[in-house]
Amino acid sequence: MENTQDIFDPKPKKFIVWLFVVSSTIMFGGFTSYYLVFAASKGKGHGLVLPDAFIYSTLLIIASSVTLTLASRALKKLNFSLQRKMLWLTVILALGFGCMQFVAWNSMVNTGATMVGNNAAISFIYVVPLMHLFHIIAGLGFISSSLAGSYRNIPLAKNRFRMEITSIFWHFIDILWIYLYVFLLLNR
């Protein structure tokens, strides 16, 4: 008789990750739709020159996707040491991204663009990146799981699965940030 605890079926867990990606896409689509409707009704956008910190955070998150891809490739070659290094570098870049978001918000506050004011479009520039930052924190949870798998002696199939769902989620939030940043640039 086969022990059902030894069977590893990644499909349900992968489905949940994809479901989260789709629901997050819908949520951010709703945010950007709201912004467009609001801006059209008022005849103006946020009217701000976005802080350079947003450019730097964009470069950091793109770099983090590169390091995560290198970690996945290292795992395929069974180079666990390189996988761990690239995952740790991804964590550092993600933390740098988060810090740059706070630097950008601080820069906006210093120019008088406060979250609570007479222009809801400016509030959008605080709320949407903050929601994205929550997704970054979730992504760090996935990366932590992949890191734990690379340090522990877990079956290779589980280690690969962890890297796969980490990659799906992380590349999604990378693309999502690029979309949001370009959206904010184009809808001033």
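Predicted model: local features only at pLDDT ≥ 70, side-chain atom pairs only at ≥ 80, totals over all residues.
Q: Is S57 buried or exposed?
A: The reading rests on a cut-off: buried means under 20% relative accessible area. S57 has a relative accessible area of 0%, so S57 is buried.

Q: How should I read a nonpolar core, and how many residues does the largest one have here?
A: In soluble globular proteins, nonpolar side chains tend to be buried together. In this model the largest nonpolar core has 47 residues, and F54 and I136 are those with the most contacts inside it. At least two residues of this core come from each of α1 (11–42), α2 (52–76), α3 (80–110), α4 (120–151) and α5 (156–186). Helix α5 gives the largest share of the core, 14 residues.

Q: What does F54 touch, if residues up to four places away in sequence are not counted?
A: The list for F54 is Q101, A104, W105, M108, I125, W177 and Y181.

Q: How is a pair of aromatic rings described, and how many pairs does a search of the whole structure find?
A: A pair of aromatic rings is described by two values, the distance of the centres and the angle of the planes. The search finds 13 aromatic pairs in the whole structure. One of them joins F54 and Y181: the rings are 6.4 Å centre to centre with 55° between the planes, and the pair is tilted. Since F54 lies in helix α2 and Y181 in helix α5, this pair ties together parts that are 127 residues apart in sequence. F54 counts as buried at 0% relative accessibility, and Y181 is buried with a relative accessible area of 10%.

Q: Why is the pair of F102 and W105 edge-to-face?
A: The angle decides it: planes over 60 degrees apart count as edge-to-face. The planes of F102 and W105 are at 90° and the ring centres 5.0 Å apart, so the pair is edge-to-face. Both residues are in helix α3, 3 residues apart, which means a separation of about one helical turn. F102 counts as partly exposed at 49% relative accessibility, whereas W105 counts as buried at 9%.

Q: Which residues do ring pairs link into a cluster?
A: The cluster is made of F20, F142, F169 and F172.

Q: How do I read a salt bridge, and what is the count here?
A: Side chains of opposite charge can pair when their charged atoms come close. The count for this model comes to 1 salt bridge. E164 forms it with K14, and their closest N and O atoms are 2.6 Å apart. E164 is in helix α5 and K14 in helix α1, so the pair ties together parts that are 150 residues apart in sequence. E164 counts as partly exposed at 35% relative accessibility; K14 is partly exposed too, with a relative accessible area of 24%.

Q: What does M27 touch, not counting residues up to four places away in sequence?
A: M27 has its place in helix α1 and touches M131 and H135. M27 and M131 are 104 residues apart along the chain, and their C-alpha atoms are separated by 9.8 Å. At 27% relative accessibility, M27 counts as partly exposed.

Definitions and conventions. Residues numbered from 1 in each chain as written. Heavy atoms only, no water. Core = buried A, V, L, I, M, F, W, Y, C linked by side-chain atoms within 4.5 Å. Buried < 20%, exposed > 50% of the residue type's maximum accessible area, 1.4 Å probe, protein only. Helix = DSSP H or I, 4+ residues; strand = E, 2+ residues; numbered from the N terminus. Contact = heavy atoms within 4.5 Å. Salt bridge = Lys/Arg side-chain N within 4 Å of Asp/Glu carboxyl O. Phe/Tyr/Trp six-rings, centres within 6.5 Å; stacked < 30°, edge-to-face > 60°.
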